[in-house]
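Me: I've got this one open on my screen and want to go through it with you. Can we start with the ligand?

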Amino acid sequence: MSQTLTESQASGATTAMVEHWIDGASVAGSSDRSGPVYNPALGVEQKRVRFASTEDVDAAVQAAARAFPAWRDTSIAKRQAVMFRFRELLAGRSKELAAILTSEHGKVTADALGEIARGLEVVELACALPEYTKGEYSENASSGIDVYTVRQPLGVVGIISPFNFPAMVPLWFFPLAIATGNTVVLKPSEKDPSASIWLAHLLQEAGLPDGVLNVVHGDKIAVDALLEHPTVRAVSFVGSTPIAKYIYEHGTAAGKRVQALGGAKNHMLVLPDADLDLAADAAVNAGFGSSGERCMAISVVLAVDSVADAFVGKVRERMARLTVGDGTRGTDMGPLITREHRDKVAGYVDTARTDGADVVVDGREHEIDGDADGFWMGPTLVDKVPVSSAVYRDEIFGPVLSVVRVEGYEEGLGIINDSRYGNGTAIFTNDGGAARRFQREVTVGMVGINVPIPVPVAYHSFGGWKDSLFGHAKSYGPRGFDFYTQEKAITSRWLDPSHGGINLGFPQHD
Ligand code: NAD
């Protein structure tokens, strides 16, 4: 794979620079703005990333627009063949990508490989594009008339992704966008930008024509340039709720098709008849995996009073065994993404105390197997959290698990349904009737029954409700194919002797 970084001078020192990828080549662009890329386990700036100007984004969009006609007209079989090759390359070289994720995001190697595996599922789904896009056909809908539908690509689409899944979230979108014949400009998170560049190289190796996937880096300037560009037909966004709302409102106002997935605060309801060991395992895995930096993390457990003490005891016991440190050393949890974010997360422990919660485990005191300057925060458990507290209300996006005690099912359900977020939720119970009621009554887009992180498999679609998704279009699965294609209905008659003559009435069937 060719070199992705060029050397440039920053602050007098030589620092590797992550460049854009436009028309199949590394491009420095016209802007001298750049941002830091840290190694969070060391707490040092390891690279810088170029921030695109409006002109740089325009160059990427123009490259995508030039590539579109030929790619759209490339046969399904050939597009599918690129995806099959990409799938094989990605599966074979996932360890290389995992090392990049650990280096820039901090997540531990096993978690990085898990992220890639879930992204790979969507590449496999993209290989199934003929099945999902083949349209419908009605022969002889009216005498001598056939009606059929075809699905065609939109054109240039923009994808804007968050820091927490630098490989998986781009992979939720671009394989389907590309397989269906669109061309793409991807703007990954500026905090961990190298995974996208690595994937773009791999697609080129898989035979993707230049210009079909372009990557620009940057901040609001790059995002706004994509949102406002008249050639961009659709935007897929994943990130925090305020930005998702902004993207949806501005993108749709500019006439684009927009799917904008936002933030989350996911609740797990533990009923008295639950298997408490299973529930405690699930809470620890889903609360502290990826250091809580997952949109499907469980951040609140609603524990029914009668079992809450036992449940908290079991969770605490498991937390004592968790190891925190450098993700390359086989630890359970890595660092947080930046020092600023780490400090913000740590501040919630004090907020919890002030608001009257019990701090059962303070993650700031956890032993660390890593460099002293890393952005560390150990697993934290706060019990008896009032729902009025910011610890309950805010999306903390770190390893802070709150327990809110409830009297029973009704109170627990009410709290979940009152939340502004509706991404994921889970119920732990051995009562099938309670579980069935929960799945019907809860106002959340993805529900787990004795499963803590109910991220749907690739052939179902992913997305929340309420402030966790703006627009109705979920990502990947059948809804993903819908989002990146537009349906055309064709009514056709091949001339036969039964010519109907002039009739100005609205067409009816005969
Ligand atoms: P973020 O909203 O800060 O950034 C997301 C993207 O938006 C990045 O590419 C960033 O460069 C860009 N951006 C940031 N500020 C912007 C602005 N003012 N104007 C325009 N663009 C801007 O999110 P993040 O911190 O990178 O990621 C974490 C968030 O993403 C959490 O809220 C998490 O819940 C959410 N998330 C949601 C899902 C989901 O499926 N719903 C999945 C992953 C992450």
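Predicted model: local features only at pLDDT ≥ 70, side-chain atom pairs only at ≥ 80, totals over all residues.

Me: How far is the backbone N or O atom of G239 from a ligand oxygen?
Reply: For G239 that distance is 3.4 Å. S240 uses its side chain: a polar atom there lies 2.7 Å from an oxygen atom of the ligand.

Me: And how much of the ligand does the protein bury?
Reply: The protein buries 88% of the 840 Å² that the ligand exposes when taken alone.

Me: OK, switching topic. Where does E19 sit?
Reply: E19 is in the loop between β2 (13-18) and β3 (20-22).

Me: Is E19 buried or exposed?
Reply: Buried, because its relative accessible area is 2%, and the cut-off for buried is under 20%.

Me: What does the E19 side chain make a polar contact with?
Reply: With the side chain of R50, at 2.8 Å. E19 also has V215 to look at: the two are 196 residues apart along the chain, yet their C-alpha atoms are separated by 8.9 Å.

Me: What about S53, which loop is that in?
Reply: S53 is in the loop between β6 and α1 (54-72). S53 counts as buried because its relative accessible area, 12%, is under 20%.

Me: What does S53 touch, leaving aside neighbours within four places in sequence?
Reply: S53 is in contact with S30, S31 and I221. With S30 there is a polar contact between the two side chains, at 2.8 Å.

Me: Last one, α3. Which of its residues are buried?
Reply: In α3 (residues 94-104), the buried ones are S94, L97, A98, L101, T102 and E104. An α-helix has 3.6 residues a turn, so residues three or four places apart point the same way.

Me: What covers the buried residues of α3?
Reply: The cover includes strands β5 (34-39) and β6 (44-50), along with helices α2 (76-92), α4 (109-127) and α7 (194-205).

Me: And which residue with a positive phi follows α3?
Reply: G106, with phi near 105°.

Note on methods:
Residues numbered from 1 in each chain as written. Heavy atoms only, no water. Buried < 20%, exposed > 50% of the residue type's maximum accessible area, 1.4 Å probe, protein only. Helix = DSSP H or I, 4+ residues; strand = E, 2+ residues; numbered from the N terminus. Contact = heavy atoms within 4.5 Å. Polar contact = N/O pair within 3.5 Å; in protein donor to acceptor, adjacent residues only side chain to side chain. Areas by Shrake-Rupley, 256 points an atom, 1.4 Å probe, with all protein chains shown as cover.
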